[in-house]
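Please have the sequence and the 3D view open as you go.

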Amino acid sequence: MIELKTDSEIEKMRSAAQIVARTLDLMEEKIEPGISTEELNEIADRYIRSQGAEPAFLGYQGFPKSICVSIDEEVVHGIPVKTRKLKAGQIVSVDVGTLVDGFNGDAARTFAVAEVSDEARRLMEVTRKALENGISQARVGNRLGDISHAVQKTVEDAGFSVVRDLVGHGIGRRMHEEPQIPNYGDPGTGVQLKAGMVFAIEPMVNTGGYKVKTRPDKWTIATEDGSLSAHFEHDVAITENGPDILSS
Ligand code: MG
């Protein structure tokens with residue numbers, strides 16, 4: 001069952017999502033060659049707590065850190081490590097979750113470390129655009145497949161592929177609620193969208209094939225062919241007035 005949120009619940013979710021957004025702004029400021037992924041984790045953890053929130057990923061199903069940091073061919077769920085320092089030319093996906101007043105926020109962005117290749121730049125632009133186009137379909141009366149299809153079409157028209165094993169999700173009192181939101185699908189299919197639904201929409205896009213594999217650390221998910229991957233995610237409330245991006 002998809003839980004509908006009241007206006008006051010959506011405002012609580014906005015508070016959680018805004019802390020995520022500001023944490024990601026801070027990550028953008030701090031990302032440069034030489035900083036370790038663990039330093040980013042510590043900065044984010046400190047900031048989230050300073051805002052009266054809890055880092056929702058810490059301990060989630062046993063995840064050991066407060067944010068996920070995934071580099072280049074890593075898609076999601078990279079574990080911050082002290083000895084892993086960023087290098088110019090890499091792309092870095094940072095995924096942040098917060099818990100405030102019983103509600104979750106969850107968003108992600110991919111950043112460039114100094115100058116990156118034209119392909120990496122284009123991958124990030126296409127993934128961001130796919131998220132934007134998916135969000136624009138998050139309207140009362142549309143169906144879930146309209147969101148999925150808009151993401152898939154944007155990505156595949158650009159010659160990239162969408163990860164299929166990982167999906168977006170409903171969000172609220174729990175980090176992952178129904179429904180699952182695949183980044184591929186057919187328009188006009190799936191559940192009908194209603195005001196009060198809140199979704200974490202999150203395209204994960206590869207320059208190569210769509211297949212992924214889990215690394216031996218049991219968390220990090222990387223592209224099977226070693227191609228680059230980008231990830232952008234927003235929390236979006238569906239309202240009578242259209243999509244309301246809580247994490248912008
Ligand atoms: Mg998510």
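A charge counts as sitting over a ring if NZ of Lys or CZ of Arg is within 6 Å of the ring centre and within 35 degrees of the ring normal. With that in hand, note that this is a predicted model, and start with Arg164, which lies over the face of Tyr184 at 4.5 Å from the ring centre. The charged end of Arg164 also sits over the ring of Tyr210, 4.7 Å from its centre.

**Magnesium site**
- Asp106 (OD), His169 (NE2), Glu202 (OE) and Glu233 (OE) coordinate the magnesium ion at 2.1 to 2.4 Å.
- Along the chain, the donors of the magnesium ion are spaced as D-x62-H-x32-E-x30-E.
- Glu202 is in the loop between strand S9 (198-201) and strand S10 (204-206), and Glu233 in the loop between strand S13 (229-231) and strand S14 (234-239), so the pair ties together parts 31 residues apart in sequence.
- Glu202 is buried, with a relative accessible area of 6%, and Glu233 is buried at 1%.

**Largest pocket**
- The largest pocket holds about 420 Å³ of space.
- It is lined by 22 residues, of which Tyr60, His77, His169, His176 and Glu202 are the closest to its centre.
- Strand S7 (168-170) and strand S8 (177-181) are the elements that give two or more residues to this lining.
- The lining of the largest pocket has ten nonpolar, seven polar and five charged residues.

**Aromatic pair**
- The count comes to one aromatic pair.
- The ring centres of Phe63 and Trp219 are 5.0 Å apart and their planes are at 85 degrees, so the pair is edge-to-face.
- Phe63 and Trp219 link distant parts of the chain, 156 residues apart.
- Phe63 is buried, with a relative accessible area of 4%.

Technical notes
Residues numbered from 1 in each chain as written. Predicted model: local features only at pLDDT ≥ 70, side-chain atom pairs only at ≥ 80, totals over all residues. Heavy atoms only, no water. 1 Å grid on protein atoms, 1.4 Å probe; cavity = no way out; pocket = protein on both sides within 12 Å on 5 of 7 lines; lining within 4 Å. Points joined across faces, edges and corners; volume = space filled by probe spheres on them. Helix = DSSP H or I, 4+ residues; strand = E, 2+ residues; numbered from the N terminus. Nonpolar A, V, L, I, M, F, W, Y, C, P; charged D, E, K, R; others polar. Donors = N, O, S within 2.8 Å, 3.2 Å for Na, K, Ca; no water. Buried < 20%, exposed > 50% of the residue type's maximum accessible area, 1.4 Å probe, protein only. Phe/Tyr/Trp six-rings, centres within 6.5 Å; stacked < 30°, edge-to-face > 60°.
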